[in-house]
Each structure stands twice: as structure tokens, then as C-alpha cells.
Amino acid sequence: MTLRIYNSRTREKQDFTPLDPGQVRMYVCGPTVYDYAHIGNARPVVVFDVLARLLRLEFGAKHVTYVRNITDVDDKINARARAEGVPISEITARTTAQFHADMAALNALPPDIEPRATAHIAQMIAMIETLIARGHAYAADGHVLFHVPSMPEYGRLSGRDPKEMLAGARVEVAPYKRDEMDFVLWKPSDAATPGWDSPWGYGRPGWHIECSAMSFAHLGASFDIHGGGIDLIFPHHENEVAQSTCANGAGTFARYWMHNGYLMVDGRKMSKSEGNFRTVHELLAKAPGEALRLQMLTTHYRQPFDWTQTGTQEAKTVLDAWYRLVDGVKAEAADIAAGVRAALEDDLNTPLAIAEMHRLAHAANQGAPGAAKALRASGEILLGLFALTAEQWFHWRPPGQKLDETEIQEQIDLRIAARKARNFAEADRIRDALASRGIQLEDGPGGTTWKAVS
RNA sequence: GGUGACGUGGCGGAAUGGUUACGCAGCGGAUUGCAAAUCCGUCUAUCCCGGUUCGAUUCCGGGCGUCACCUCCA
């Protein structure tokens, strides 16, 4: 029952002891809502969903507060709105709904609180005023900038030396900056760009301040875990640390930093120019969400993940086997396998947890008492699997490709009759005909069932 | 140029100073009318070179290789 997590800040695995065991607090950077979530957006959602599930088991569901924000103010959103000729609210509302649907398909539970940036502009302005008052920020030319040299510790989280970074950096230095490293807290908006009134004129927040303001608003100055993708460690998280600790006091803010590794596709960085960009939405058209989720968990969260079609197929095959065992099995938290739990308690070692699941499945197939229950409880409660019935799982088809289940059953009945008459030629003909349509039959002790294969 | 991660069997992917990870795929067998599913069995591995050690895949050094980041991409 000792949870250990790797803390990016100290670069070592540590025992997890919450500030307040009665209220464990976690903040994870959520999406900027301007387009469909891609598979890289989904990784932190799934990873920290497993962590949230584990924390709820360890400390009790009511004693965990999981916050994941929606960033609904951003220049990419503005650009998209301009391109489509619609208000940004239309872009953000639509994209947020898509995000929720996609993450739900991956069995990721909603966070306890999902704050939106546009609902926290006042808090951002207040924090910026504090930073100015404390000498960590200054207004210049309609902008407000965080003055990096005012914080000697800057760069500690990401392990970067600001001076060395400048050597090879391709930074265009705006004339109003006192130091090349200074970053924007607030910037002016013209009439055509969304903005809010502020002490520095009509404008909008810079990129990093929203997470500082929202974590403070919902979790307080200090909280336990801050998560996100490793690509965010610099500059986003570094700047969050700068903003929050300079505004709220040294020693505040996140105590454990967790970063998931990069996501690649077919061995390469995923990018639109590479042509290997994958949205969750389009992947869900090819495989059930649970297969994508299990695939995502086969690699430890801190390792780079290579997304492949083969990997999806493998995850599907594994779930085929598990679904055969857990269907109709009732299980509760007490049934969770110690091995699965222990694996997750060791810095969220999901590959090891999955190996334990395989052992349980094997034991269940051999008839070991309790194994199927343990498999279901571990998968359902901790890993976030088995949300479907076995029938739903095996009959899954891509959206829009409905099968005529009644007709399939009729064929199966005809085949059963043929088999009874020992007319195996006819029985095999029916089976082959169904197989050619992607319907695979299985004659089990309880009768004939079928599954859709691709 | 700076920083970081990583190199395990056909593939995916853990762990570990000394004893088969696990899965997918393959192969042999059982079962089945034949299949499917399941069971039993089985093949293949720790990038290279040094060092420490009784012993290294694991620790240290060097090399080679891959990937990523260095201001708005999770």
C-alpha cells in the first residue's frame, strides 16, 4: 500500500505522501480546444486516469481531487475561428464536446473538476498584478512580461540553465523585453481578436498563466501531483512554476511532477507534415476504444510510445481472451489482484500490471477459484477495462458498419440444423460464407457464438 | 552547439549483481466432425569494447546507433 512515483523534479522514485491524506490533489494539463484530440493528447489522459483510479482506491474516492483544465483561449483557437468565420465559442464548444466523447470512448473517467481558462480571466489578472507588485513582472508596450532573471531558481524543473539555452536558441527577441528569456503573461488584442479589459488595456492572457491561476483557484497554492506530457516540461511547466511560486511564495506549488513520454507513430514523431498524424476520432473508427486504451498501457508511461496498427491488433486479441473470462462476473474492489495493484503502486508500471492480468487469465482458464473475479476487478476498477458486455465487445463494428445480427443468427441456426443432420459440407459452407463477411463462429459448450473480425 | 531519453528474442515489452518475465506471432501435441476457443509442450535476446566483481543484461568508463527537446506541440 505504498505508492511510489517518479518525480521529474528530483529525478528519482519517491514514496508518495500527500500534503493532506484527507484530500489528495492532482492537476493535469488538459487540451487546448481547437481541433480533434490526437493520440498524443490521449496518452496523458489515459495515464493519469489510471493514476486517479489508483489514488481513489488508496485514499478513497471522496479524498481525491483530480483537476484537468480546458484551455479555451489561445491564438490557435483564434486562427481557427477566423479561418472558419465563426466565433471562438463555437470552435471551443464543438472541440470540447469531441474531446469529451473521445476520452469517454477510451474509458477515461471525467476529472473531478474541469476548469475552463475563459472562466478564470479575473484570477489570471489578479495573479499578474501580484507578480508585478512583487517585482517579478512588468508592463511594457501593452504587454505584461514575467522577468526571468528575477527568479534565480528558473530552469530547475526542466534542468536547464537559462544562460546556456540562449546559445543555440532561435529566439526572436521582442524589443519590449528586458531580458531575452522573459515570457508573456498578458498581451494586447485588437478589435478583431478576443480579449478582456485589464489594468493594461484590452487583451488576453499568455499561454502559461491559465494553469497557474486555475490550479491555485481549485487546489490552492500547494498541491500534490502535477502531470502532463514531457514536452510541456519546458517552457510550459517551468513557467508555471515561476509564476506560481513567485506569486504564492517559495516552496509552494506542485510537490510531485509526473511527465509521460512522447508518442511516436511507426517509429517517427507524429506530425502533420510527416503524414502520420492520428486523431483519436479516426482511430476509434477502426478499433474499439478499449483496445486503444490497453495498447496505450502496454508501454510504461515514461517511455516513448510507438503507435502502430499491429499494436492495436495485439491489444484487441488480448481483450478477446479476457472478455471471454470476465463476462457476467461480478467483482468489487476487494477482489483486485494484489499483483496488479502492486505493479501500479510502483510508479504506475502498467506493463507489469498487464503481465499480472495475463497470469490471472491463464489461472481463470484453468479454473482457479477467484481468478476471473480478480481479473475483472483489476481491469474494471484500476485499468479501466471491461466497460462492455462480451457480446458488445465481440460484435463491435466500426461506426456506421452495422451488422444484421438477426440474419447472422438465422444462418447460425441453419448451420446447427445441418450439423445435427451430420451434413458437415453444408455446415462448413455456411461457416465459410459468414467468415468471408468477417463473421467468425465458435462452437462452445454453451452453443455457437460469433465474433466480428476485421 | 546545449540538454535529455533510449538501445532486451521475429515483433511488442518488463525486471534484475547470479535462478524461464509476460504477451503477440511461429512450431509440435491434446481437444474438436473440421474449425474456433482453451490446455500441455516448445524455439529465438539483453548494441560493441574495456573496467569493477567470484559473477554484469543490470554498476562505471568509452564507442556506435536511434529518438526527442531547446518559447506557445500532450
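Visitor: In which helix does R293 lie?

Guide: Helices are DSSP runs of H or I with at least four residues, numbered from the N terminus. R293 lies in helix α9, residues 289-297. This is a predicted model, in which local features need pLDDT of at least 70, side-chain atom pairs count only at pLDDT 80 or more, and totals for chains, interfaces and linings use all residues. Residues are numbered from 1 along each chain as its sequence is written, chains are lettered from A and ligands numbered from 1 in the order in which they are written, and side-chain values use heavy atoms, with hydrogens and water left out.

Visitor: Is R293 buried or exposed?

Guide: Buried means under 20% relative accessible area, exposed over 50%, and partly exposed in between, with a 1.4 Å probe and protein chains only. R293 counts as buried because its relative accessibility is 0%.

Visitor: Which residues is R293 in contact with, leaving aside neighbours within four places in sequence?

Guide: Contact means heavy atoms within 4.5 Å. For R293 the partners include V46, D49, V50 and R53, as well as L383, G384 and L385.

Visitor: Which residues of helix α11 are buried?

Guide: In α11, residues 338-345, they are V340, A343, L344 and E345. Their cover includes β1 (4-7), α1 (39-59), α12 and α13 (371-383); a strand such as β1 is a DSSP run of E with at least two residues. Just after α11, D347 has a positive phi of about 55°.

Visitor: How many residues surround RNA strand B?

Guide: A residue is near a strand if one of its heavy atoms lies within 4 Å of it. Here 51 residues surround RNA strand B, and the closest are K76, L232, K269, D428 and R431. Of the RNA atoms that come within 4 Å of the protein, 65% belong to sugar and phosphate. Helix α12 (residues 350-365) gives the largest share of this surface, seven residues.
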